[in-house]
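Subject: Structure for your review

Dear colleague,

Please find below the structure that I am handing over to you, followed by an account of what was found in it.

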Amino acid sequence: MLRHLVIFTFEKNFLKDEHIKEYARAFDIIKEAFDGVKDVHVRRNCIERPANMDLMVEMDLTGPEILPLYLNHPEHVRMGNKYNPHVTARVSFDYEY
């Protein structure tokens, strides 16, 4: 299994509840598209601190071969096109377990 984490910081005062809901819907669509996507969580940071980021997407995949499939899914591409212009920092981390 592969855990894929992506954590974002957005422009100041950009991220709203409606954006979180859209992220959750988008990743539900992606999860349904691939048997290899086992679990997805979209989490909003709940503590305001200078070093904290705003949003985390946590995914469990059956293996690293699923990652490029998910990255090229039309819903992932759509979300990137819509939200990347508002992202000021992004960290991605993957590990097998």
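Which residues does T9 touch, if those up to four places away in sequence are not counted? The model is a predicted one, and in it T9 touches N52, M53, D54, H86, V87, T88 and A89. T9 itself is found in strand β1, which covers residues 2-10. With a relative accessible area of 18%, T9 is buried, because the limit for that class is under 20%.

Strand β1 also holds L2. L2 is buried as well, its relative accessible area being 5%. Leaving aside residues up to four places away in sequence, L2 touches M59, D60, L61, G63, P64, D94, Y95, E96 and Y97. One of these, Y95, is 93 residues from L2 along the chain, yet the C-alpha atoms of L2 and Y95 are separated by 5.6 Å.

The sheet

Strand β1 belongs to an open sheet of four strands, whose order is β2-β3-β1-β4 and whose pairing is antiparallel. At the edges are β2 (37-44) and β4 (87-96), each of which pairs on one side only. From one strand to the next, the twist averages 10°. As a general point, strands of a sheet pair through backbone hydrogen bonds, either parallel or antiparallel.

Strand β3 (residues 55-61) pairs with β2 in the antiparallel sense over seven bridges. β1 and β3 are likewise paired in the antiparallel sense, over seven bridges. Individual positions can be followed across these pairings. V37 has L61 in β3 as its bridge partner, while R43 stands opposite M56 in β3. M56 is also the bridge partner of I7. Strand β3 is mostly covered, in that six of its seven residues are buried.

The helices

Helix α1 (residues 17-33) packs with helix α3 (residues 74-83) at an angle of about 160°, and their axes are 9 Å apart. Angles over 145 degrees count as roughly antiparallel, and α1 and α3 are therefore roughly antiparallel to each other. Their crossing is left-handed. On the α1 side, the contact is made by H19, E22, Y23, A26, F27, I29 and I30; on the α3 side, by E75, H76, R78, M79, K82 and Y83.

A point in the loop

One backbone value deserves a separate mention. Most residues other than glycine have a negative phi. N13, although not a glycine, has a positive phi of about 65°. This residue, N13, is found in the loop between β1 and α1. Is N13 buried or exposed? At 63% relative accessibility, N13 counts as exposed, since the class begins over 50%.

Yours sincerely

Notes:
Residues numbered from 1 in each chain as written. Predicted model: local features only at pLDDT ≥ 70, side-chain atom pairs only at ≥ 80, totals over all residues. Heavy atoms only, no water. Helix = DSSP H or I, 4+ residues; strand = E, 2+ residues; numbered from the N terminus. Buried < 20%, exposed > 50% of the residue type's maximum accessible area, 1.4 Å probe, protein only. Contact = heavy atoms within 4.5 Å. Axes fitted to C-alpha atoms, helices over the stretch in contact; angles between N-to-C directions. Parallel < 35°, antiparallel > 145°, perpendicular 65-115°, else oblique. Left-handed = near helix turned anticlockwise from the far one by under 90°. Pairing = 2+ DSSP bridges.
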